[in-house]
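Good morning, and thank you for coming.

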Amino acid sequence: MNQFDVIVVGAGNGGLVAAATVAKEGFKTLLLEKHNLPGGCATSFVRGRFEFEAALHELCGDSTCEKHESVRTIFERLGVDVKLYHEDTLFRTICKGENGYDAVIRAGYDGFLDSMEEAVPGCRESVKSFFDLIGEIDDAQTFMNENGINPMVLYTKYGNFMRVASHSAKEVMDALEIPEKAQSILSTYWGYLGVPVDNLNALHYLSMLTAYVKAKPSMPYHRSHELSLALVRALQGFGGEILYNSEVTRFVYNAKGEAIGVIANGKLYYAKKIISNIIPNNVFNRSNRSAIPAAARKLANARKLGMTFNTIYLGLDSSMEELGITDYSVFIASDPDSRKQFDDRGEYGMYVVNCMNKALPDSSPKGTCTLFFTIMVMPGDFPEDLTPQEYKKYKNKIAEKYIRDYEKTMGVSVMDHIEEIVVATPATFARYLATPDGAIYGYASETWDNIIGRIAMKDGENKIPGVYFCGGHAERGDGYPSAYITGAMTGEEVVNDLRRGK
Ligand SMILES: Cc1cc2nc3c(=O)[nH]c(=O)nc-3n(C[C@H](O)[C@H](O)[C@H](O)COP(=O)(O)OP(=O)(O)OC[C@H]3O[C@@H](n4cnc5c(N)ncnc54)[C@H](O)[C@@H]3O)c2cc1C
């Protein structure tokens with residue numbers, strides 16, 4: 001009764017896709033989730049008359065292309081049919097100060113190039129050459145996903161891929177002689193990855209940027225909780241089982257060091273394969289030390305945790321038109337240089353404000369609107385040992401500081417219109433996701449620890465026999481698409497291994 005083919009630990013969007021993928025192939029699947037709800041980050045919450053999106057600003061990669069790994073094809077394979085709204089504007093990016101700018105950048109290949117040219121006359125060709133690198137990069141990534149890393153084929157068939165693979169986004173933009181101001185605007189999305197462009201792998205950045213540009217940012221009509229529920233329905237439709245309020249406290253191994261099960265609520269569940277949607281650090285904490293290969297421990301110690309956030313969710317008593325709010329997504333920076341923005345992250349370096357009503361007018365009651373502030377925090381920034389009173393003060397201070405700055409920058413007044421306010425911090429995310437330091441995005445994707453390095457190391461000596469990983473901490477880094485793609489790929493890998501009796 002407690003014997004399964006596959007156990008998935010954690011019902012984040014990565015875990016849900018992985019579980020549905022193996023259940024679809026007829027394998028007996030159990031998903032264990034510590035909360036009473038599915039979704040992890042992909043959820044919503046209600047305060048008063050507002051239902052707030054907890055995480056999703058915009059989903060990228062909902063393309064109609066036939067790529068095996070696109071979000072659309074993953075959903076289609078699982079029969080998940082959630083209608084998504086597509087936004088025509090990528091973002092408005094405002095940089096304060098002497099060398100500042102205020103530009104609205106449109107989505108779609110031509111719209112993007114046209115609006116870059118409007119913002120920085122003369123930049124079109126160099127921006128286009130940056131952008132066009134993605135075709136070959138995509139092909140090379142597909143090749144690697146299907147065949148592993150074969151340096152000879154990569155050298156001969158995917159020369160541009162090899163040329164940019166180990167460089168930072170900044171180095172590639174410099175090499176293509178993109179004007180400085182255009183580089184700053186092009187770099188705006190670095191804030192979604194938490195690594196400034198001088199240290200951010202060019203492939204990683206380009207993949208994300210082009211996915212947003214080409215497929216347009218999208219979002220579900222009923223918050224990301226709708227996506228999570230649709231995935232649960234898919235899993236259950238394929239005969240998979242999901243148990244909530246079931247925190248996995250222990251991974252269990254046989255004498256050969258192979259994972260054979262987990263313990264949740266004091267009960268032992270057996271499986272042939274275990275997929276972890278929880279960060280490796282937490283698998284190690286829940287395993288006998290001897291079961292974790294030395295290389296895996298070494299790797300975990302060498303890696304840096306990625307960013308987390310302070311977030312402010314506002315329910316306002318007036319419509320966006322009444323308040324003079326005009327944009328869906330505004331990135332506000334204090335300096336054009338992403339390194340400087342990163343260093344000044346506690347002092348308005350870079351933050352993002354979204355007004356969902358611009359995209360989905362009825363996402364809050366008539367005559368109201370919501371704002372969602374996202375402010376980057378790195379591990380170690382968040383003060384330790386705050387008393388409950390100090391914690392309250394910390395949250396009030398953050399909220400007041402950033403709301404005031406937003407009002408001043410945008411020339412609007414929101415403070416007097418706040419009907420509901422919720423402030424989340426790394427402590428909130430640590431509590432809900434159980435990640436170290438409240439990390440949302442797994443490990444920082446920088447220097448040696450980038451997508452390519454991670455794919456290369458995936459099945460190396462750091463592999464724990466019988467344990468597979470998917471989600472924001474996996475090889476593709478953070479974000480909904482990464483969670484879906486790693487969920488699907490890991491699910492398929494497990495299916496193949498089970499079929500081959502591996
Ligand atoms: C404020 C915010 C804004 C974001 N904005 C965007 C955005 O605009 N676009 C984008 O693409 N991405 C965004 N993200 C990132 C995106 O939400 C995540 O990368 C993605 O949802 C991670 O999915 P995951 O599969 O890694 O699982 P997680 O969401 O990390 O879920 C893990 C699950 O595991 C469960 N769990 C943990 N420990 C245990 C245990 N021991 N036993 C059982 N269950 C356990 C947790 O309860 C949770 O349900 C944002 C995230 C946040 C927080």
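Let us begin with helix α4 (residues 124–147) and helix α9 (residues 202–215), whose axes come within 9 Å and cross at roughly 100°. I give both values because two packed helices are described by the angle between their axes and the distance between the axes. Please bear in mind throughout that this is a predicted model.

Which residues make the contact? On the α4 side they are Phe131, Leu133, Ile134 and Ile137. From α9 come Leu203, Leu206, Ser207 and Thr210. Sorted by class, this contact of α4 with α9 has six nonpolar and two polar residues, and no charged ones.

I turn now to the domains. The domain assignment divides the chain into domain 1 (3–83 + 221–303 + 446–499), domain 2 (88–216) and domain 3 (308–377 + 383–424). Taken over C-alpha atoms, the centres of domain 1 and domain 3 are separated by 30 Å. In the contact between these two domains, nine residues of domain 1 meet 14 residues of domain 3. On the side of domain 1 that touches domain 3, strand β4 (residues 50–53) provides the largest share, three residues. By class, that side of domain 1 has three nonpolar, two polar and four charged residues.

The next topic is the ligand. How many residues surround the ligand? There are 36, and the closest are Gly10, Gly12, Gly14, Gly40 and Gly471. Two or more residues of the shell come from each of α1 (13–24), β13 (308–316), α17 (426–433) and α19 (480–499). Of the elements, α1 gives the most to this shell, with three residues. The shell around the ligand divides into 17 nonpolar, 14 polar and five charged residues.

Finally, the chain as a whole. The chain has 19 helices and 18 strands. Its radius of gyration is 22 Å, close to the 23 Å that the globule rule gives for 502 residues, so the chain is as compact as a globular protein of that length. Along its principal axes, the C-alpha trace spans about 65 × 55 × 40 Å.

Thank you; I welcome your questions.

Conventions:
Residues are numbered from 1 along each chain as its sequence is written. This is a predicted model: local features need pLDDT of at least 70, side-chain atom pairs count only at pLDDT 80 or more; totals for chains, interfaces and linings use all residues. Domain bounds come from an automatic or database domain assignment. Two residues are in contact if their C-beta atoms, placed from the backbone, lie within 7 Å. Helices (H or I, at least four residues) and strands (E, at least two) are DSSP runs, numbered from the N terminus. Ala, Val, Leu, Ile, Met, Phe, Trp, Tyr, Cys and Pro count as nonpolar, Asp, Glu, Lys and Arg as charged, and the others, Gly among them, as polar. Axes are lines fitted to C-alpha atoms, for helices over the stretch in contact, and angles run from 0 to 180 degrees between N-to-C directions. A residue is near a molecule or strand if its C-beta atom, placed from the backbone, lies within 6 Å of it. The radius of gyration is taken over C-alpha atoms; the globule rule is 2.2 Å times the number of residues to the power 0.38.
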